[in-house]
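Good morning, everyone, and thank you for making time for this.

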Amino acid sequence: MNNEIRKRSTVLVFGTFDLLHEGHISFLKQAGRFGDFLIAVVARDKTVVDLKSRKPYHGERTRLAAVRKIQDISKAFLGDKILYSYSILKKLKPDIICLGYDQHKLETDLCARMEKGKLPQIKIIRLRAHKPEKFKTSIVARSLLKKSIQSKQ
């Protein structure tokens, strides 16, 4: 038996996780391959409004509960109340942050803060999109609305 103690790595992801769909599941499965513990940080309702200029379809507690039910998730938390404060990052101290294909603004901000020493150096990995022409929340929402309208006719 190997006597070396293997460091267990923690991977952290950020997301809105609204109208949980196959794209989200793919994102989480990809992220989970990079470590032993996968932590999901679910965006607060106010953060979604600030970043996307719209309210999420489901409230933060509903979205958090849905994410917590996903088998690959070790832990899930609501994000910080103050956008870009990253206190949750400082508290959880992940080894890796996995970002979705469309989280460019977040990557830019994280890298700038790491460069200035405001955040510890954490490896960032960009994950690939899973059928973004079909599995993006705005597209899923339009599809659900269309189906709802058709069922009423």
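Predicted model: local features only at pLDDT ≥ 70, side-chain atom pairs only at ≥ 80, totals over all residues.

Let us start with strand E1, which covers residues 10-15, and ask how many of its residues are buried. The count is 6 of the 6, so strand E1 is largely enclosed by the rest of the structure. If you look along the strand, you will see that Thr10, Leu12 and Phe14 point one way, while Val11, Val13 and Gly15 point the other way, and that the residues on both sides are all buried.

Now to the charged side chains. Side chains of opposite charge can pair when their charged atoms come close, and in this model the count comes to 7 salt bridges, of which I would like to go through some.

One of them joins Arg54 and Asp18, with a distance of 4.0 Å from N to O. Arg54 sits in the loop between helix H2 and helix H3, whereas Asp18 sits in the loop between E1 and helix H1, so this pair ties together parts that are 36 residues apart in sequence.

Another is formed by Lys29 and Asp72, whose closest N and O atoms are 3.4 Å apart. Here helix H1, which holds Lys29, is linked to the loop between H3 and E3, where Asp72 lies, and the two residues are 43 residues apart. Lys29 is partly exposed, at 42% relative accessibility, and Asp72 is also partly exposed, at 31%.

A further salt bridge is that of Asp45 with Arg63, in which the closest N and O atoms are 2.6 Å apart. Asp45 belongs to helix H2 and Arg63 to helix H3, so parts that are 18 residues apart in sequence are tied together. Asp45 is partly exposed, with a relative accessible area of 26%, while Arg63 is buried, with a value of 1%.

Finally, which residues gather in a patch of positive charge on the surface? They are Arg61, Arg68, Lys75 and Lys81, and Lys75 lies in strand E3, residues 75-78.

How values were computed. Residues numbered from 1 in each chain as written. Heavy atoms only, no water. Patch = residues over 30% accessible without salt bridge, like charges linked within 9 Å, V, L, I, M, F, W, Y side chains within 5 Å. Areas by Shrake-Rupley, 256 points an atom, 1.4 Å probe, with all protein chains shown as cover. Salt bridge = Lys/Arg side-chain N within 4 Å of Asp/Glu carboxyl O. Lys, Arg positive; Asp, Glu negative; His and termini not counted. Charge placed at Lys NZ, Arg CZ, Asp CG, Glu CD. Helix = DSSP H or I, 4+ residues; strand = E, 2+ residues; numbered from the N terminus. Buried < 20%, exposed > 50% of the residue type's maximum accessible area, 1.4 Å probe, protein only.
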